[in-house]
Amino acid sequence: MLNISFPKLVMIWLTVALGLLFALPNAFYTRVETRNDAVSLIETGQSNAQIAADAALWPNFLPSNLVNLGLDLRGGAHLLVEVQVEDVHASFLEGFWPSVRDALALERDTVGFVTREDSPATELRVRISEAAGATQAFQIVRGLAQPVASFTGAAATNIDVRIDGTLLTITLSDAEMAAMDERTIMQTLEIIRRRIDEVGTREPTIQRQGSDRILVQVPGVGSASEIIELLGTTAQLTFNPVVGRTADADASPGTGNILLPSIDQPGVYFILERRPVVTGEDLQNAQLDFDENGRPAVAFRFNTSAARRFGDYTLENIGNPFAIVLDQEVISAPTIQSHIPGGSGIITGNFSVEEATNLAVLLRAGALPAELEFLEERTIGPELGADSIAAGQIACIVAGIGILIYMALSYGLFGIFANIALIINVGLIFGLLSVVGATLTLPGIAGIVLTIGMAVDANVIVFERIREELKTAKGPARAIELGYEKALSSIIDANFTTFMTAVILFIIGTGPVSGFAVTLGFGIITSVFTALFVTRSLISIWFARRRPKTIEV
């Protein structure tokens with residue numbers, strides 16, 4: 001029967017109403033973004049007062065999600081960084097030395113004295129004093145090796161050990177370097193994402209490119225230097241015992257120590273124990289605070305195990321200085337006045353409020369495992385995005401008007417019904433984009449324009465089938481019903497294959513290809529819905545009221 005049941009009509013138009021309701025905020029006010037509980041203007045020409053008025057007029061209980069704009073539409077920062085994975089290799093070997101030293105020390109009667117010799121960052125060289133114990137030392141060090149998963153599936157260990165006389169040379173195995181590089185890149189990706197998310201930036205694009213490079217695109221940022229400042233700091237925080245201080249930059253710190261400069265006191269260098277008591281990895285929280293003089297500082301709190309170590313150390317070293325080191329520079333070296341059992345404290349220095357806030361963000365997000373080298377940096381101004389949006393709007397309007405005119409001239413009243421469904425279709429696309437929080441890019445606009453052109457295909461198929469049925473002298477109601485029934489399989493088949501193409505593009509593609517696939521896929525879903533349900537319901541309502549004896553399509 002042509003007539004659609006009342007419950008079905010209600011479901012169809014309730015779906016339409018919900019879709020348009022989710023899309024409406026995008027037309028109600030241009031771009032309002034909440035950041036730190038404040039409404040801020042992003043890239044429109046509206047005044048702050050107008051933005052606030054728009055936000056106040058829009059009811060809080062209604063959906064307020066907006067379609068996120070990509071970098072090509074909104075402007076922002078584009079960065080390509082390279083992760084210095086070699087730093088992680090050197091750091092591992094540096095941390096492996098105490099284990100080697102302690103293991104060989106247990107066999108001192110056999111291997112003699114153990115000393116570390118200068119070596120490239122990719123090697124750890126250890127010399128023993130007793131040549132007769134060389135084989136024993138080799139076996140001991142090799143016994144420290146740990147199994148590591150190999151890409152070939154063969155058994156492998158994390159270190160390779162060579163011996164030449166009394167000199168042991170320890171290097172990372174190929175399997176360990178490959179696994180370590182993979183862990184480093186994945187950890188770097190996560191930390192970059194956390195750092196950018198901490199400052200409230202919406203919809204950044206953070207993707208791996210190649211073996212050791214990462215693409216970072218952050219919409220809405222005025223300058224790439226803002227992101228470079230956020231990401232360029234490794235933020236490796238350590239708390240090291242102070243051995244002494246000197247004004248000689250070339251002074252020898254001694255075995256097991258390091259020489260680091262002071263940030264606040266130019267020309268002053270601290271000699272510190274190489275092994276820290278606690279590190280930034282042990283932090284549970286860090287946030288902006290102020291010291292007793294009202295100057296900006298960073299309050300921190302350790303986790304339970306680190307708090308215990310920190311408390312034990314302060315109890316045993318009251319009266320001794322204690323250095324707080326950030327990225328190989330001493331921020332401060334206060335003297336321990338009393339036992340600190342709670343595992344919390346503050347980091348003071350010549351900070352501005354912004355610097356202290358950024359440091360707290362970096363510490364909360366975690367230290368980068370390796371330094372980043374910025375290979376490419378670009379700032380895309382919002383003017384380019386505004387031009388792209390304007391061009392996209394013109395393309396959509398021109399395509400839409402052309403199709404509306406064609407359908408009205410070709411199919412008369414039925415064409416007008418299809419035009420109404422087409423307008424609803426575009427609204428539903430934006431409703432879906434808003435619900436899922438998708439990012440609209442310039443290729444995405446191309447997908448919407450293509451959808452507008454494809455949206456009437458199903459209606460054209462149905463209307464042509466209705467024309468054919470009318471030629472067989474069937475009544476108008478039966479002709480309309482058969483038109484929809486016989487066109488259904490063709491519509492489903494054609495749109496299903498296109499939808500599967502969009503899914504494949506979304507899964508395999510990245511960046512522009514993915515943005516195109518999203519709008520194309522959503523457009524296919526809404527086009528089929530509006531053609532099979534919205535247009536048919538409009539025809540059904542019209543036919544039920546007019547009861548025409550004949551129709552022209």
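**Exercise 1.** Leaving aside its neighbours within four places in sequence, which residues is P443 in contact with?

*Solution.* Keep in mind that this is a predicted model. Start by locating the residue: P443 sits in helix α12, which covers residues 442-455. Next, list its partners beyond four places in sequence: D72, P512, F516 and T519. Now take D72 from that list. Along the chain, P443 and D72 are 371 residues apart, yet their C-alpha atoms are separated by 9.4 Å.

**Exercise 2.** Decide whether P443 and M11 are buried, partly exposed or exposed.

*Solution.* Buried means under 20% relative accessible area and exposed means over 50%, with partly exposed in between. P443 has 23% relative accessibility, so it counts as partly exposed. M11 has a relative accessible area of 52%, so it is exposed.

**Exercise 3.** Find the nonpolar surface patch that includes M11.

*Solution.* Begin with helix α1, residues 6-28, where M11 is found. Then gather the patch members: F6, V10, M11, L14 and L18. Together they have about 510 Å² of accessible area.

**Exercise 4.** Describe the largest nonpolar core and name the residues that touch the most other members.

*Solution.* First, the size: this core has 49 residues. Third, the main contributor: helix α4 (residues 85-105) gives the most, with eight residues. Now look at L104 itself. Apart from neighbours within four places in sequence, L104 is in contact with V111, V114, V126, I128, A137, I140, V141 and L168. Finally, a second, separate core has 45 residues, among them I12, L433, I445 and V456. As background, nonpolar side chains tend to be buried together in soluble globular proteins.

**Exercise 5.** Check the span of helix α10 and see what follows the helix.

*Solution.* Helix α10 has 13 residues, 353-365. The expected span is 1.5 Å times one less than the number of residues, so α10 should span 18 Å. Its end C-alpha atoms are 18 Å apart, which agrees. The buried residues of α10 are A356, L359, A360, V361, L362, L363 and A365. Just after α10 comes G366, with a positive phi of about 105°.

**Exercise 6.** Sum up the whole chain in a few figures.

*Solution.* Count the secondary structure: 15 helices and 23 strands. Then turn to burial: 43% of the 553 residues count as buried. For the surface, the chain exposes about 27600 Å², and carbon and sulfur atoms supply 57% of that area. Lastly, among contacts with a separation of 6 or more, 70% join residues 24 or more positions apart.

Methods. Residues numbered from 1 in each chain as written. Predicted model: local features only at pLDDT ≥ 70, side-chain atom pairs only at ≥ 80, totals over all residues. Heavy atoms only, no water. Patch = residues over 30% accessible without salt bridge, like charges linked within 9 Å, V, L, I, M, F, W, Y side chains within 5 Å. Areas by Shrake-Rupley, 256 points an atom, 1.4 Å probe, with all protein chains shown as cover. Salt bridge = Lys/Arg side-chain N within 4 Å of Asp/Glu carboxyl O. Helix = DSSP H or I, 4+ residues; strand = E, 2+ residues; numbered from the N terminus. Buried < 20%, exposed > 50% of the residue type's maximum accessible area, 1.4 Å probe, protein only. Core = buried A, V, L, I, M, F, W, Y, C linked by side-chain atoms within 4.5 Å. Contact = heavy atoms within 4.5 Å.
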